Amino acid sequence: MWISDSHGFMVAGLVITMGTLGDRIGRRRLLLITPGGAPPGVIGITVRALGTGPLFALGTGLVVGSVPPERGGSAASMSETGNYFGGSLGLALLGVVAAVVYRGRMDSEVTPS
């Protein structure tokens with residue numbers, strides 16, 4: 001699970017960093033100055049999906065294998081529910097943190113007239 005956690009932290013940090021950079025220099029310009037343009041992004045997403053797919057499949061397999069066969073469906077559904085709930089909660093918390101940081105920066109940089 002440490003791979004999934006470290007991946008999440010890296011993505012969270014880069015989302016805020018690259019979003020700020022895109023706001024400052026423009027998203028189109030940011031995409032154009034990226035070596036190769038959009039294809040490296042598509043390749044990156046594909047590699048990420050190929051890496052995390054087996055991770056979730058193996059995790060669910062471990063959960064299902066650790067319970068009696070008659071409880072396998074319940075265990076798989078709990079595992080998937082936990083995965084989706086954790087992802088949703090993480091995204092919501094990331095949004096709250098981003099909003100707080102954005103609001104703090106706006107309050108300090110914009111003076112009332």
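Visitor: In which helix is Ser79 found?
Guide: Ser79 is found in helix α4; helices (H or I, at least four residues) and strands (E, at least two) are DSSP runs, numbered from the N terminus. This is a predicted model, in which local features need pLDDT of at least 70 and side-chain atom pairs count only at pLDDT 80 or more, while totals for chains, interfaces and linings use all residues. Residues are numbered from 1 along each chain as its sequence is written, and side-chain values use heavy atoms, with hydrogens and water left out.

Visitor: Why does Ser79 count as buried?
Guide: The relative accessibility of Ser79 is 14%. Buried means under 20% relative accessible area, exposed over 50%, and partly exposed in between (1.4 Å probe, protein chains only). Ser79 therefore counts as buried. Gly72 and Ala75 are also buried in α4.

Visitor: What does Ser79 touch, not counting residues up to four places away in sequence?
Guide: Ser79 touches Thr60 and Val63, where contact means heavy atoms within 4.5 Å.

Visitor: Why does Thr60 count as buried?
Guide: Thr60 has 15% relative accessibility, so Thr60 counts as buried. Thr60 is placed in helix α3, residues 39–65. With residues up to four places away in sequence set aside, Thr60 touches Ala76, Ser79 and Glu80.

Visitor: What makes Leu30 buried, and where does Leu30 lie?
Guide: Leu30 lies in helix α2, residues 27–33. Leu30 counts as buried because its relative accessibility is 14%. Residues up to four places away aside, Leu30 touches Met18, Leu21, Gly22 and Ile25. The C-alpha atoms of Leu30 and Gly19, eleven residues apart along the chain, are separated by 10.0 Å.

Visitor: Why is Arg27 called exposed?
Guide: Arg27 has a relative accessible area of 59%, so Arg27 is exposed. Arg27 is also in helix α2. Leaving aside neighbours within four places in sequence, Arg27 is in contact with Gly19 and Gly22.

Visitor: What makes Met18 partly exposed?
Guide: Met18 has a relative accessible area of 39%, so Met18 is partly exposed. Met18 lies in helix α1.

Visitor: Which residues form the nonpolar patch on the surface?
Guide: The patch is formed by Met10, Val11, Leu14, Val15, Ile16, Met18, Leu21, Val97 and Val101, with about 700 Å² of accessible area together. Patch residues have over 30% relative accessible area and no salt bridge; like charges are joined within 9 Å, nonpolar side chains (Val, Leu, Ile, Met, Phe, Trp, Tyr) within 5 Å. A salt bridge is a side-chain nitrogen of Lys or Arg within 4 Å of a carboxyl oxygen of Asp or Glu. Accessible areas come from the Shrake-Rupley method with a 1.4 Å probe, and for residues only the protein chains shown count as cover.

Visitor: Which helices each supply at least two residues of the patch?
Guide: These are α1 (2–25) and α4 (72–109). The largest share, seven residues, comes from α1.

Visitor: Where in the protein is confidence lowest, and where highest?
Guide: Confidence is lowest in α1, at a mean pLDDT of 72, and highest in α4, at 86. The pLDDT is the predictor's confidence in each residue, from 0 to 100. The protein has a mean of 79, and 85% of its residues reach 70 or more.
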